[in-house]
Amino acid sequence: MASPSDMPKEPPAATIQVQVQWCGTDYPVGVKADADIGELKRKTCEVTGLPSKRQKHMNPKNKEYNDDHPIGLLQPPHMTDLISLNNKVAYDIYKDHFFGEKPTCSVKATKDRIVDFDGSRTKLYKGKYQVGSMEIQCLIKFYQPEDRADLLRSIELTRTWKHPNLLVMETLYKETGNQVQRLVLSPDTVNGSLQGYINSRKEKGEDVISKANGSFTDFFLKMIL
């Protein structure tokens, strides 16, 4: 009878080298051929130190890959654009773009605003956010100096969130020459406000929050959870 050492061993799983582009730098990240984007995020964390929950891996059309997207389906050469929320790790790279001799980080706002579910215009302006060679569509909200306390409180609550149904913050900065703050958000997570949605349903005679007996609707409970 053959000993365990004589038993045939399974060949090691094939690996794929993915070029993760982040702030103008390529990071080669090796993952198993049957891995997904979620595993790529974990491996990218080992290489860059950027936590997985603060990573967004984008396809060539600036759309975010889902965590369950198979690595094997990436078009050769296997490559993703990595976008992250600002933190200490990202700042060490961002600062070269913000404060270098030739700053290459910019945000450009347009006059177009997101239209809410009820037809009203929100306070979110469409724009472009560029860091190094990467450029993505974004949404921009302006805050006056007197709103600073509310703004900082909101950032403290939401800066670590990473969920497809929640706001994803990209950066915060001041306009040159004044104290107006601009908050930059990912456009894929915003298509209207909760109040706008409630108003739009009320116009159709529907209450999405409470039932006739005073209890919450199933929709509202699911949304909260």
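1. Where does Pro 77 lie? This is a predicted model, and in it Pro 77 sits in the loop that runs between strand E3 (55-58) and strand E4 (79-84). The peptide bond joining Pro 76 and Pro 77 is cis, with omega at about -5 degrees.

2. The largest nonpolar core has 15 residues, and those touching the most other members are Val 18, Val 20, Val 31, Leu 40 and Ile 71. At least two residues of this core come from each of strand E1 (15-22), strand E2 (25-32) and helix H1 (37-48). E1 gives the most, with 4 residues.

3. How many salt bridges does a search of the whole structure find? The count is 3. Side chains of opposite charge can pair when their charged atoms come close. One of the pairs is Glu 39 with Arg 42, at 3.0 Å from N to O. These two residues are 3 apart in helix H1, which means that about one helical turn separates them. Both ends are partly exposed: Glu 39 has a relative accessibility of 23%, and Arg 42 has 46%.

4. Lys 41 and Asp 67 form another salt bridge through their side chains, at 2.8 Å from N to O. Lys 41 belongs to helix H1 and Asp 67 to the loop between E3 and E4, so this pair ties together parts 26 residues apart in sequence. Is Lys 41 buried or exposed? Lys 41 is buried, because its relative accessibility is 5% and the cut-off for buried is under 20%. Asp 67, in contrast, is partly exposed at 42%.

5. A salt bridge also links the side chains of Arg 201 and Glu 206, with 2.5 Å between N and O. Glu 206 is partly exposed, at 35% relative accessibility.

6. Leu 151 is part of helix H3 (residues 148-158). Its relative accessible area is 1%, so Leu 151 counts as buried. Apart from neighbours within four places in sequence, Leu 151 is in contact with Tyr 143, Leu 172, Gln 181 and Leu 183. Arg 182 is 31 residues away from Leu 151 along the chain, and their C-alpha atoms are 9.8 Å apart.

7. Which residues make the nonpolar surface patch of about 260 Å²? The patch is made by Leu 194, Phe 219 and Met 223. Phe 219 is in helix H5 (residues 218-224) and is partly exposed, with a relative accessibility of 37%.

8. A last point concerns the cysteines. The disulfide count is 0, where a disulfide would need a pair of cysteine sulfur atoms within 2.5 Å. Cys 45 is partly exposed at 27% relative accessibility, whereas Cys 138 is buried at 2%.

Key
Residues numbered from 1 in each chain as written. Predicted model: local features only at pLDDT ≥ 70, side-chain atom pairs only at ≥ 80, totals over all residues. Heavy atoms only, no water. Buried < 20%, exposed > 50% of the residue type's maximum accessible area, 1.4 Å probe, protein only. Patch = residues over 30% accessible without salt bridge, like charges linked within 9 Å, V, L, I, M, F, W, Y side chains within 5 Å. Areas by Shrake-Rupley, 256 points an atom, 1.4 Å probe, with all protein chains shown as cover. Salt bridge = Lys/Arg side-chain N within 4 Å of Asp/Glu carboxyl O. Core = buried A, V, L, I, M, F, W, Y, C linked by side-chain atoms within 4.5 Å. Contact = heavy atoms within 4.5 Å.
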